[in-house]
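I opened the notebook to keep track of what I looked up in this structure. The entries follow in the order I made them.

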Amino acid sequence: MNVCVLGAGTMGHGIAQVSAMGGHDVTLRDIETDLVDDGLAAIESNLDGGVERGKVSESEREETLSRLTGTTDLAEAVADADLVVEAVPENEDLKRSVIAEAAERAPDEAVLATNTSSLPVTSIASALDDPSRCVGLHFFNPPHIMRLVEVVLAEQTSSEIREFAESFVDGIDRTAVVVEDTPGFATSRLGVALGVEAVRMVESGVASPRDIDAAMELGYNHPMGPLELGDVVGLDVRLDILEHLREELGERFRPPTLLRKKVRAGKLGKKTGEGFYVWEDGEIVGVSGEDDE
């Protein structure tokens, strides 16, 4: 099967990698050559790391890379696609525009998927002349490690496209959970509810970020605490999701003042070097606002 991934950032190149590892021919497209090259280089680096850890064989690495191509030409990227997955930034207008433009150039039978963590798939699908062929495929960060994919059904998604999406997810060695198109779906809604309460606990002095995270990791067997996860995802992303859920579901999702302050200060988490933690070279070296000696 031919898969086209639109957007070569963290999510896009990860989706491209797992699709290629699943045996599909994949075209990775972005608007600038440097972005495409960076995405392909990141895939190669991920595969090299997998080889070093004994998770990926040398032959798997070579076969995966042989199935990948990159381009900045949208028409070329989608020309022979059986599945198009948009993985552009989390902006509804942008996603609607990109998926509509892709649909105009892709084969009439191509499936159009949106990788959104919280935006309404029904609205994104409505940008298409035939919205029945649109579905949400919500991958998790990083896609080459995380095993879950949320299959989000728009109001218009046909039963055939649902079956196609579930089959595709199974074929790339991931596990699908199927949810209706509701605000935050299942995972973002539950995850952000836990994360926002953890922020409120820090804000009111209940416990330190380290202790809150340790409680969830050791007491509930979470692989990563909610505050560290917020830093990894990006506190700006968390804030945007909360604002959307507040608008749709009410005041229980009101963003805490502490979260707003951090975002205004540019303390967005791992990607800026500081959020609730201080980060260096991708590792936590301290807690924001504390001396960590």
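**Entry: between the domains.** I looked up polar contacts between domain 1 and domain 2 and noted four residue pairs, with both residues of each pair at pLDDT 80 or more. The pLDDT values are there because I am working with a predicted model. I then sorted the residues on the side of domain 1 that touches domain 2: four are nonpolar, three are polar and one is charged. For salt bridges between domain 1 and domain 2, I wrote down zero.

**Entry: where the domains lie.** I took the bounds from the domain assignment, which places domain 1 at residues 2-180 and domain 2 at residues 186-287. Eight residues of domain 1 and five residues of domain 2 make up the contact. I also noted the distance between the two centres, which is 27 Å over C-alpha atoms.

**Entry: buried area.** How much area is buried between domain 1 and domain 2? I found about 550 Å², and carbon and sulfur atoms give 56% of that area. On the domain 1 side, I listed Ser117, Ser118 and Glu150 as the residues that lose the most area to domain 2. Together these three residues account for 55% of what the domain 1 side buries.

**Entry: the record.** I checked UniProt, where the entry is unreviewed, and it annotates residues 2-182 as "domain: 3-hydroxyacyl-CoA dehydrogenase NAD binding". I computed 43% helix and 22% strand for residues 2-182, and their end C-alpha atoms are 30 Å apart. The unreviewed entry also annotates residues 184-279, as "domain: 3-hydroxyacyl-CoA dehydrogenase C-terminal". For residues 184-279 I have 61% helix and 3% strand, with 28 Å between the end C-alpha atoms.

**Entry: salt bridges.** I reminded myself that side chains of opposite charge can pair when their charged atoms come close. In the structure I counted 16 salt bridges. One of them joins the side chains of Glu44 and Arg61, at 3.0 Å from N to O. Which helices does this pair link? I placed Glu44 in helix H2 (residues 33-52) and Arg61 in helix H3 (residues 58-66). The two residues are 17 residues apart, so I filed the pair as a link between distant parts of the chain.

**Entry: backbone details.** I found a cis peptide bond between Asn141 and Pro142, with omega at about 0°. Pro142 sits in the loop that runs between strand E6 (134-139) and strand E7 (148-153). I also noted Asp173, which is not a glycine but has a positive phi of about 65°. Asp173 is in the loop between helix H7 (159-171) and strand E8 (175-180).

Methods:
Residues are numbered from 1 along each chain as its sequence is written. This is a predicted model: local features need pLDDT of at least 70, side-chain atom pairs count only at pLDDT 80 or more; totals for chains, interfaces and linings use all residues. Side-chain values use heavy atoms; hydrogens and water are left out. UniProt positions are given in the numbering used here, feature names are shortened, and annotations may be inferred rather than shown by experiment. Helices (H or I, at least four residues) and strands (E, at least two) are DSSP runs, numbered from the N terminus. Domain bounds come from an automatic or database domain assignment. Contact means heavy atoms within 4.5 Å. Buried area is the accessible area (1.4 Å probe) that two parts lose on being put together, summed over both. A salt bridge is a side-chain nitrogen of Lys or Arg within 4 Å of a carboxyl oxygen of Asp or Glu. A polar contact is a pair of N or O atoms within 3.5 Å; within protein, one must be able to donate a hydrogen and the other to accept it, and residues adjacent in sequence count only if both atoms are side-chain atoms. Ala, Val, Leu, Ile, Met, Phe, Trp, Tyr, Cys and Pro count as nonpolar, Asp, Glu, Lys and Arg as charged, and the others, Gly among them, as polar.
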